[in-house]
Amino acid sequence: MKPFIVANWKMNPTTLAEANRLFNSVARGLKNIKNVEVVICPPFVYLPIFKFRTKDFILGAQDCFWEKRGAFTGEVSPLMLKNLGCNYVIIGHSERRKHFKETDDMINKKIKTALITKINPIFCLGETIEERKGGKTQKVLKKQLISGFKNISESLILNSKFSIAYEPLWAIGTGNPCDFKEAQKINLFLRKFIAQIFNNSLAKKIRIIYGGSVNSKNATFYIKEAKMNGLLVGGASLDAKEFIKIIKGI
Ligand code: PGA
């Protein structure tokens, strides 16, 4: 499995000119990159502009709705994303859970529709600082996994490139990343638990990636020491030089 690096631009940049500049700088820096699979997830509005502009990385979205079409004001269908050349979609990011009150049930429906539409989900989970301090990390992750995978068939997952992003909330945007050893423990725990829900061979196929204050100094350790299959990069993906450094350092 090639390391899988996902850029989550979140609600940035605010002008098309800046978005183009960032996209072009990343594209120049990553020309002919072969040993890493890179996905850029810009805000929805930039997707049609970036479509087919590079062969060196893949486009992804930051969210999608669970219905394919209809009277759902403001929502974006996974079918629309598919038609814009998106191969991946981030689902259940903690910012969506927090600010938009996304529940485990909504996240499960989104995962299901994304899989049916043949867009590969990047399913985010993670614990809060209070849950961590209370020794509840594994319990929280188990609950998120069980609900996320509810009524989802093995074959749907096997026919996708499914990723789970472990993103502890206390590490996102804080400059306080998860310790590598702790990340490795969580990695093993998640894989074992997925094997219990499904089976070993399916668990091996799912990519487990890490997100939370990743930068060019710590990125390689998550891959080499914590044995993560990749990274979900927020803030550092808005700085083309830093993002390219992360990828080239792996
Ligand atoms: P960060 O964000 O890299 O800025 O911590 C990661 C994320 O929210 O996906």
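## Lysine 10 and the strand 1–helix 1 loop

Lysine 10 is placed in the loop between strand 1 and helix 1; helices (H or I, at least four residues) and strands (E, at least two) are DSSP runs, numbered from the N terminus. The model is predicted, so local features need pLDDT of at least 70 and side-chain atom pairs count only at pLDDT 80 or more, while totals for chains, interfaces and linings use all residues. Residues are numbered from 1 along each chain as its sequence is written, and side-chain values use heavy atoms, with hydrogens and water left out.

Lysine 10 has a positive phi of about 55 degrees, although it is not a glycine. With a relative accessibility of 22%, lysine 10 counts as partly exposed; buried means under 20% relative accessible area, exposed over 50%, and partly exposed in between (1.4 Å probe, protein chains only). Proline 13 lies in the loop between strand 1 (4–8) and helix 1 (16–29). A cis peptide bond, with omega of about -20 degrees, joins asparagine 12 and proline 13. Most residues other than glycine have a negative phi, and most peptide bonds are trans.

The ligand is surrounded by 13 residues, the closest being Lys10, His93, Glu167, Gly173 and Ser213; a residue is near a molecule or strand if one of its heavy atoms lies within 4 Å of it. By class, this shell has four nonpolar, seven polar and two charged residues. In this classification Ala, Val, Leu, Ile, Met, Phe, Trp, Tyr, Cys and Pro count as nonpolar, Asp, Glu, Lys and Arg as charged, and the others, Gly among them, as polar.

An N or O atom in the side chain of histidine 93 is 2.7 Å from an oxygen atom of the ligand. Of the 280 Å² of accessible area that the ligand has on its own, the protein covers 95%; accessible areas come from the Shrake-Rupley method with a 1.4 Å probe, and for residues only the protein chains shown count as cover.

Serine 213, one of the closest residues to the ligand, is found in the loop between strand 7 (207–211) and helix 11 (219–224). Serine 213 has a positive phi of about 55 degrees although it is not a glycine, and its relative accessible area of 18% makes it buried.

## Nonpolar cores

The largest nonpolar core has 71 residues, and those with the most contacts inside it are Ile164, Leu190, Leu231 and Phe243. Such a core is a set of buried Ala, Val, Leu, Ile, Met, Phe, Trp, Tyr and Cys residues joined through side-chain atoms within 4.5 Å. Helix 9 (residues 180–197) supplies the largest share of this core, seven residues. Apart from it lies another core of eleven residues, including Val6, Cys41, Ile122 and Ile209.

Not counting residues up to four places away in sequence, leucine 231 touches Phe4, Ile5, Val6, Ile209, Tyr210, Val214, Ala219, Tyr222, Ile223, Ile246 and Ile250; contact means heavy atoms within 4.5 Å.

## Buried serine residues

Serine 163 is found in strand 6 (residues 163–166) and is buried, with a relative accessible area of 0%. Beyond four places in sequence, serine 163 touches Phe4, Pro121, Ile122, Phe123 and Arg207. Serine 163 and lysine 205, 42 residues apart in sequence, are 9.0 Å apart in space, C-alpha to C-alpha.

Serine 94 lies in helix 4 (residues 94–99) and counts as buried at 12% relative accessibility. Leaving aside neighbours within four places in sequence, serine 94 is in contact with Leu169 and Ile172.

## Buried loop residues

Glutamate 102 is located in the loop between helix 4 and helix 5 (104–116) and is buried, with a relative accessible area of 6%. The side chain of glutamate 102 makes a polar contact of 2.6 Å with the side chain of lysine 110. A polar contact is a pair of N or O atoms within 3.5 Å; within protein, one must be able to donate a hydrogen and the other to accept it, and residues adjacent in sequence count only if both atoms are side-chain atoms. Residues up to four places away in sequence aside, glutamate 102 touches Asp63, Gly92, Arg96, Arg97, Ile107 and Lys110.

Isoleucine 152 occupies the loop between helix 7 (137–148) and helix 8 (154–158), and it is buried at a relative accessible area of 6%. Not counting residues up to four places away in sequence, isoleucine 152 touches Asn108, Ile111, Lys112, Leu115, Ile157 and Phe198.
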